[in-house]
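Here is a short report on one structure. Look at the sequence and the model first, then read on.

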Amino acid sequence: MCTDKVETSAHIVSQVAEELYLKCIRCGKCLSVCPIYRETRIETMSPRGKVALYRAVGEDDLPEISPVYASKFYTCLMCEACREVCPSGVELDVIMNQVRADLAHCGLLPDSLQRLSDIIVSAGNISDEDNARRLGWTENMASKPVGLDYDGQVEMVYFVGCVSSLFPASYHIPQSLAGILEKAGVSYALMGGEERCCGYPLLLNGESELALEMAQHNVEAARVTGAPQVVMSCPSCYHMWKHTYPEILGDDVLDGLEILHETEMLAGLARAGRLRFKPWPVTVTYHDSCDLGRKSDIFDAPREVLRAIPELELVEMADHRAHSLCCGGGGNLETYNRELAQALPLRRLRQAEEAGASTIVVSCQQCKRTLAGAARREKIRIRVIDLAEVVAEQIEEEPHA
Ligand code: SF4
Ligand code: SF4
């Protein structure tokens, strides 16, 4: 507890609370879509409960902001499924960002999340490794990616992201994307140790000033390459670059730079005839990640790529597109409450089975990690694969003129 700072927190909350919390008519529609509430059945961890707690502070009905109060707000995937269905337009994401910033400000960031912030600030990445190790994924490739030794003007810079760069289980995703770029004849650059965490985990912790420093560094480092496009395979990095960087660094910060997610880039290459595919007679379903789908409005590009693969059958899960179900990997929940986060993907795997799919295609290394991990733990026979890996497997040799 930090009494003086708690006053500051309550003050900040009460300044903005009314216009946000008064919209809630307590209908409970959000409860039916919240993965946390569906799993725990605890009202104070539900979206409606969070709004009520926020209101209680705004109206001075809570004597103090305690770690228990804080725990309710850190138990959230920041998936925005609740915002999507709310008939009154309650913006829980705005409330969450405000409250988490207040909690961090008054010293109520839980130890595990504080450790995560400290690691990112000191190492420049989420895994506390020497940042030069970001190129570890290139080491066991048959030939080094040409993006390592780019020379002169390149079409794009590939921002690999912490998970793909530093977690061996995800190495195959950047390896696949680099291979695709080379087969499609796209010139590109890699930033290696000059790349840092995009800042998203810091923002989720409520530490926007620290996120801003990461953002500033990354934009400057990308500009050094001279590439007019920045492509990323991580939806969180993409959302940060495309939507948050202009908010925190200014509208013109990306002038002259086009920000693309791998799904948009791959759809563009397929449309332009720079990718051709071998048949793949498999029934697949596509999992929309929260940061790419609901938050960034990219639903069609990955499906366009899948539909371009001959003999592939695409089926949809019960919850898809804007109503997709979070895999459990969002909101820093895995760092804060691993047990709860690991319980969440099972419902998603069951939905894929019910849809008749043998394969779940994702376009997020975090979704791949959580869904594949749950499938292993639960002994569910379903393959989880990133779209870049699908394309790399199915691409015809020498497709471009
Ligand atoms: S759906 Fe919206 S209005 Fe209804 S309880 Fe949830 S936050 Fe409140
Ligand atoms: S953002 Fe997601 S996890 Fe958080 S309260 Fe809303 S639906 Fe639940």
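## Around the ligand

Ligand 1 is surrounded by 13 residues, and the closest are C24, C27, C30, R48 and C86. A residue is near a molecule if its C-beta atom, placed from the backbone, lies within 6 Å of it. The shell holds 8 nonpolar, 2 polar and 3 charged residues. Ala, Val, Leu, Ile, Met, Phe, Trp, Tyr, Cys and Pro count as nonpolar, Asp, Glu, Lys and Arg as charged, and the others, Gly among them, as polar.

## About the model

This is a predicted model: local features need pLDDT of at least 70, side-chain atom pairs count only at pLDDT 80 or more, and totals for chains, interfaces and linings use all residues. Residues are numbered from 1 along each chain as its sequence is written, while chains are lettered from A and ligands numbered from 1 in the order in which they are written.

## Two positive phi angles

Most residues other than glycine have a negative phi. D128 is not a glycine, yet its phi is positive, about 65 degrees. D128 sits in the loop between helix 7 (111–123) and strand 1 (156–159). Helices (H or I, at least four residues) and strands (E, at least two) are DSSP runs, numbered from the N terminus. D297 also has a positive phi, near 65 degrees. The loop between strand 5 (283–286) and helix 14 (300–307) holds D297.

Are these two buried or exposed? D128 counts as partly exposed because it has 14 C-beta neighbours inside 10 Å. D297 has 10 inside 10 Å, so D297 counts as exposed. The cut-offs are 20 or more other C-beta atoms within 10 Å for buried, 12 or fewer for exposed, and in between for partly exposed, with C-beta atoms placed from the backbone.
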